Every structure is written in C-alpha cells, then in structure tokens.
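Please consult the sequence and the structure shown below while reading.

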Amino acid sequence: MKRVVTFGEIMMRLHTPGHQRFLQARSLEVTYGGGEANVAVALAQLGVPSRHVTCFPDNDLGRAASAFFRQHGVDFDRTVYQKDQRLGLYFLEVGAGMRPSRIIYDRYDSAFANMDPAAFDWEDLLADACWFHWTGITPAISDNAAKACLQALETASRLGIPVSADVNYRRNLWQYGKTVQEVMPALVEHCDVMVCTEGDAKDIFGMDTNGFQDMAEQMLARFPNAQSIIATRRDTLSASHNRLTGIGFSHKAGYQETETYDINPIVDRIGGGDSFLAGYIYGRLNLSNELDALSFGTAASALKHLVEGDFAQHSVAEVEQILAGDVSGRLLR
C-alpha cells in the first residue's frame with residue numbers, strides 16, 4: 001500500500017507538569033515531537049500508512065525516540081543513526097488565559113544538523129510513496145539538511161509524487177551562512193501544496209500582498225507547479241481560547257474557507273498546524289474536492305488543540321463527528 005513520507009528533525013520535548021512555570025517545576029515530562037513527524041503520526045491515526053525519515057544520535061535517546069514514534073504506527077525503519085551526536089531538545093511551559101505558553105530550544109549541533117546527505121537513498125525511500133511532506137524548518141537547520149531536502153524534492157518530482165510544504169519561516173534558525181531567500185525558492189518550486197501566510201510570503205519571497213487571496217495568487221503565479229495555497233486563520237482571545245478557520249486558494253476552486261471552530265479551553269496548541277496539514281493530506285487522498293480536504297484538516301486541527309502532546313490522537317470517525325456539527329463534548333458510554 002502506498003504511504004506518505006515525511007522528512008525532518010525530531011526533538012525531545014520536556015514540559016513542565018500541568019501549567020507550572022519553569023521556575024516552579026521540579027520535574028519535566030518527556031515526549032518527542034517534530035513538525036513533519038507530527039504529520040506522520042496524525043496520518044497513521046487516520047489509517048494512512050506513513051514513514052518518517054530523519055537522523056538520530058546512535059545512542060539510547062535516539063533509540064527511545066524511534067520507539068516512541070513506532071508505537072504510534074509510523075515506519076521508522078529507515079532512520080539514519082550517527083555516532084557521537086546529540087538529540088535536539090525543546091522545553092515547554094504551557095500558558096493559560098492571559099499568560100502565553102513559552103518555548104526554549106536547545107537544538108544546536110544536533111545529529112540532524114550534522115547529517116550526511118549521502119546517507120539517504122531517496123529513490124528507495126520514496127519508491128512506495130503517494131505523497132511527500134517537508135517544512136521550512138528543515139532547510140533552516142543546516143546546509144546539509146537543506147541539501148538532503150533538495151535531493152528528496154528532486155526525486156519526488158522525478159517520480160511524480162505530490163509534495164506539500166509548510167514554509168514556516170523561523171528567523172532565528174537561519175544561522176549557517178545562507179539566507180532563507182537564497183535557499184527556499186529552489187525547494188518550493190517542487191511543491192504542489194503550500195501552507196503560507198502573508199508574513200511568510202513577505203519574509204521569504206519578498207512579496208508585498210494585499211490579503212491572503214492576493215498572496216496566494218502571487219505565489220501560484222511565481223511557482224507554476226503549485227496548485228493550492230492553504231492556511232489557518234487564528235483569532236487568539238487568550239492562551240486558552242482561540243477561534244480557528246481554514247482558508248485556501250487553488251487554481252480549480254478559487255478562494256474557499258471553512259467553518260470557524262471555537263476552541264475553549266485549549267489543552268495544548270503545539271502541533272495544531274501539523275494536524276491541519278495531516279487532515280488536509282488525508283482529504284486530498286480520500287475525499288472528493290478541495291473544500292472537503294480543507295474542512296477535514298481544520299476540524300482535525302481543532303481536535304488536536306484538545307489533546308496533550310505534540311501530535312494528534314484522533315480517528316477519522318472523531319473528525320467526521322466534528323464535521324457533522326457535534327461539538328457538544330457529551331460523555332460517550
């Protein structure tokens with residue numbers, strides 16, 4: 001059966017219990033996550049076979065991270081392990097109400113950043129793929145990661161595999177001597193679907209735009225292989241209360257937007273965008289039109305906000321229940 005393949009760094013997530021501040025906490029809870037791998041897990045929960053490709057340190061932490069994702073149904077058999085390397089970390093303090101969540105990264109000089117691009121045989125890794133997904137975080141980490149990403153995209157294009165990307169500009173990551181403007185355009189040329197905001201288009205591609213639709217039209221004109229630009233519109237009422245709407249523009253369907261979901265209280269918003277993309281990819285593979293895919297992704301993202309951890313833990317039936325209008329949260333027996 002064909003599978004979705006994702007590529008990117010995975011970090012250990014260390015978060016304070018409950019809503020404790022960093023200064024209060026005397027213990028930290030350990031899980032693992034990464035934008036692209038979160039997409040793979042969410043798809044596995046939706047019944048779509050998925051494989052994540054990454055590079056870990058050849059030690060117990062790298063093996064523990066692999067085992068963690070395998071137990072959620074993701075194929076990690078092609079993981080590259082490198083000796084004398086480290087696993088990236090991030091620390092999370094979950095906010096509430098008017099107090100925002102905070103993240104501190106410790107990912108410098110990780111195994112993923114120091115990868116050898118030649119270690120990945122993309123012809124083999126993508127031989128049974130029906131979709132490839134990456135994010136703008138990967139080429140921001142190191143020159144080697146950017147080279148490996150480009151090799152993957154060139155192979156996917158040659159094999160006719162649809163490609164999605166969350167361009168996801170992270171200003172502080174681009175520290176290895178190349179700028180986002182130098183690297184990203186050549187990567188984005190291979191994409192069929194992009195998650196992109198007006199701010200991303202300005203920062204990465206220098207586009208001056210007048211709203212989402214104008215930005216999307218400019219992106220599709222500049223990158224002719226692309227078919228759809230999608231995003232979520234988030235109204236942040238507090239750290240615990242958001243409203244979320246899916247928006248998209250494509251050559252075939254024009255501008256579309258989904259129902260707005262009122263999410264209150266938020267349990268954990270980390271990974272909400274990854275769940276949106278996973279739901280959208282599921283929709284593109286299984287549903288009849290662009291709006292259905294966009295709606296499925298938005299409902300999946302709303303559900304992810306109500307689950308602790310980096311990635312979604314819901315089934316197709318649970319997303320369909322939300323799409324059918326059942327947002328009551330009534331006890332199920």
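Two strands are said to pair if DSSP finds at least two bridges between them. The model described here is predicted.

## The four-stranded open sheet

Four strands make up an open sheet with mixed pairing, and their order is β3-β2-β7-β8. At its edges stand β3 (29–33) and β8 (102–106), each of which pairs on one side only. On average, neighbouring strands of this sheet are turned by 25 degrees against each other, direction ignored.

Strand β2, formed by residues 11–15, runs antiparallel to β3, and five bridges join the two. Within this pairing, threonine 31 of β3 is the bridge partner of arginine 13. Helix α2, which spans residues 60–70, lies across β2 and β3 and runs at about 75 degrees to β3.

Strand β9 (residues 129–135) pairs with β10 in the parallel sense over four bridges. Here serine 164 of β10 is the bridge partner of histidine 133. Strand β10 is also joined to β11 (residues 193–195) by three bridges, and these two strands run parallel. In β11, valine 195 is the bridge partner of aspartate 166. Between β10 and β11, the chain crosses through helix α6 (residues 180–188), and this β-α-β crossover is right-handed.

Notes:
Residues numbered from 1 in each chain as written. Predicted model: local features only at pLDDT ≥ 70, side-chain atom pairs only at ≥ 80, totals over all residues. Heavy atoms only, no water. Right-handed = clockwise from strand over helix to strand, strands pointing away. Axes fitted to C-alpha atoms, helices over the stretch in contact; angles between N-to-C directions. Contact = heavy atoms within 4.5 Å.
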